[in-house]
Amino acid sequence: MIATLLRRDLGLLLPGGRGGGGVLPLLFFLAVAMLYPFAVGPDAQLLARTGGGVIWVAALLAAILPLEKLVAGDLEAGVFDQLHLRGVSEELAMAVRLLAHWLAFAPLLLLATIPAAALLGLGEETVRTVLLGLLAGTPGLAAVGLAVAALTASLRGGAALAGLMVIPLAVPILIFGAGALSPTGEGGIALTGAISLVLVALAPLAAGAAIRAAREG
């Protein structure tokens, strides 16, 4: 059942899937990396000093784009009612959806970081730190996004509200992830990973409870 759910969710969320729009986070991420040098000018030292933080901000904003398709469509279509009748708990369904959400955007985002870093003129060490930080932080971004999407799925204008809610909740990940790029930020990646682990553990519980309340309400 878990494998079946995962295949279905990946088919919905991956680029080219039934839900569509899966490639938008990647395009948005690359667009930010391309436009930022035009905004600040050709100062190579400035780009190298600020480029890592720009990649983190772009990754956070890109993670917000798929939220509208994460939960609301299946809630309206009664998918969670059918899963409940088959004995699949909302928490299990949300845990699988979390994994599918991460697989649908994070690996592509990590790959896109390499050309983005080249556009921003980042050094090899900085690129390595950014990649490790994103690897540690994107599960947390996915978890926050899923929980917020579930909480707002039954609300009118929930997609816009979800985007506004995710940004402040994801700030700790952004702070420690981008902070790892500073000379005194050695523990930033470890703290980012710890926050992500906590969020990944809590998100299916919160999202499952929100889906159950919306389904029974």
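Trainee: Before the fold pattern, what counts as a helix or a strand here?
Mentor: Both are DSSP runs, numbered from the N terminus. A strand is E, with at least two residues. A helix is H or I, with at least four residues.

Trainee: This is a predicted model. Which pattern does the chain follow along the sequence?
Mentor: The secondary structure comes to 10 helices and 0 strands. Read along the sequence, the pattern is α-α-α-α-α-α-α-α-α-α.

Trainee: What radius of gyration does the chain have, and does it agree or disagree with a compact globule?
Mentor: The C-alpha trace spans about 60 × 30 × 30 Å along its principal axes. For 217 residues, a compact globule would have a radius of gyration near 17 Å. The chain agrees with that, at 18 Å.

Trainee: Where does helix α8 bend?
Mentor: Helix α8 covers residues 124-152. It reaches 40 Å from first C-alpha to last, close to the 42 Å expected. The bend is about 35 degrees, and Pro 139 follows within four residues of the bend site. That site is Gly 137.

Trainee: Is Thr 192 buried or exposed?
Mentor: Thr 192 lies in helix α10, residues 188-216. Its relative accessibility is 0%. Buried means under 20%, so Thr 192 is buried.

Trainee: Which backbone oxygen does the Thr 192 side chain reach?
Mentor: Leave aside neighbours within four places in sequence, and Thr 192 contacts residues including Trp 56, Ile 173 and Phe 176. Gly 137, where α8 bends, is also in contact with Thr 192. The side chain itself reaches a backbone oxygen at 2.7 Å. That oxygen belongs to Gly 188.

Trainee: Which residues does Val 32 touch, not counting those up to four places away in sequence?
Mentor: Val 32 sits in helix α2, residues 24-40. Its relative accessible area is 25%, so Val 32 is partly exposed. The residues touched are Val 54 and Ala 58.

Key: Residues numbered from 1 in each chain as written. Predicted model: local features only at pLDDT ≥ 70, side-chain atom pairs only at ≥ 80, totals over all residues. Heavy atoms only, no water. Expected span 1.5 Å × (residues − 1). Bend = angle between axes of the 7 residues up to and from the residue. Buried < 20%, exposed > 50% of the residue type's maximum accessible area, 1.4 Å probe, protein only. Polar contact = N/O pair within 3.5 Å; in protein donor to acceptor, adjacent residues only side chain to side chain. Contact = heavy atoms within 4.5 Å. Rg over C-alpha atoms; globule rule 2.2 N^0.38 Å.
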